[in-house]
Amino acid sequence: MPDLRDKVFLVTGATRGIGRAIAAALLRSGATVAIHGRDATRTQEACSALAPEGGRALPCPADL
């Protein structure tokens, strides 16, 4: 994956499954990723768990 240090992504459903895997891949490439989930606690937990991947993970709880 290319260097994504200057890019920002919103990944919906990023607290588990495919969304979380996509968020992790983007973070490993240096991107800033808004981690979306309906549950604020799970969204924050996903951000904390994904933080070591690199990049910057931002919690974005919302019911879309």
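A strand is a DSSP run of E at least two residues long, and strands are numbered from the N terminus. The model in every view below is predicted.

**View 1. Thr32 sits in strand S2.**
Is Thr32 buried or exposed? Thr32 is buried, because its relative accessible area is 14% and the cut-off for buried is under 20%. Leave aside residues up to four places away in sequence, and Thr32 touches Lys7, Val8, Phe9, Arg56 and Leu58. Look at Arg5 as well. Thr32 and Arg5 are 27 residues apart along the chain, yet their C-alpha atoms are separated by 7.2 Å.

**View 2. The whole protein has two helices and three strands.**
Follow the sequence and the pattern reads β-α-β-α-β. The radius of gyration is 10 Å, close to the 11 Å that the globule rule gives for 64 residues, so the protein is as compact as a globular protein of that length. Its C-alpha trace spans about 30 × 20 × 20 Å along the principal axes. Of the 64 residues, 36% count as buried. Now take the contacts with a separation of 6 or more: residues 24 or more positions apart account for 57% of them. The protein exposes about 4000 Å². Carbon and sulfur atoms supply 53% of that area.

**View 3. Helix H2, residues 40-50, has buried residues.**
Which residues of H2 are buried? They are Thr43, Ala46, Cys47 and Leu50. These residues cover an arc of only 100 degrees around the axis, which puts them on the same side of H2. An α-helix has 3.6 residues a turn, so residues three or four places apart point the same way. What covers the buried residues of H2? The cover includes helix H1 (17-28), strand S2 (32-37) and strand S3 (56-61).

**View 4. Asp39 caps the N-terminal end of H2.**
Find the side chain of Asp39 and the backbone of Thr41. A side-chain oxygen of Asp39 lies 3.0 Å from the backbone nitrogen of Thr41.

**View 5. Thr15 lies in the loop between strand S1 (8-11) and helix H1.**
Thr15 counts as buried, because its relative accessibility is 13%. Its side chain makes a polar contact with the side chain of Arg42, at 3.4 Å. Which residues does Thr15 touch, not counting those up to four places away in sequence? They are Arg20, His36, Gly37, Arg42, Thr43 and Ala46.

A disulfide is a covalent bond between the sulfur atoms of two cysteines. A search of the whole structure finds zero of them. The cut-off for a disulfide is a sulfur pair within 2.5 Å. Cys47 counts as buried, at 5% relative accessibility. Cys60 is partly exposed, with a relative accessible area of 29%.

Technical notes: Residues are numbered from 1 along each chain as its sequence is written. This is a predicted model: local features need pLDDT of at least 70, side-chain atom pairs count only at pLDDT 80 or more; totals for chains, interfaces and linings use all residues. Side-chain values use heavy atoms; hydrogens and water are left out. Buried means under 20% relative accessible area, exposed over 50%, partly exposed in between (1.4 Å probe, protein chains only). Helices (H or I, at least four residues) and strands (E, at least two) are DSSP runs, numbered from the N terminus. The arc is that of the directions from the helix axis to the C-beta atoms. Contact means heavy atoms within 4.5 Å. A polar contact is a pair of N or O atoms within 3.5 Å; within protein, one must be able to donate a hydrogen and the other to accept it, and residues adjacent in sequence count only if both atoms are side-chain atoms. The radius of gyration is taken over C-alpha atoms; the globule rule is 2.2 Å times the number of residues to the power 0.38. Accessible areas come from the Shrake-Rupley method with a 1.4 Å probe; for residues, only the protein chains shown count as cover.
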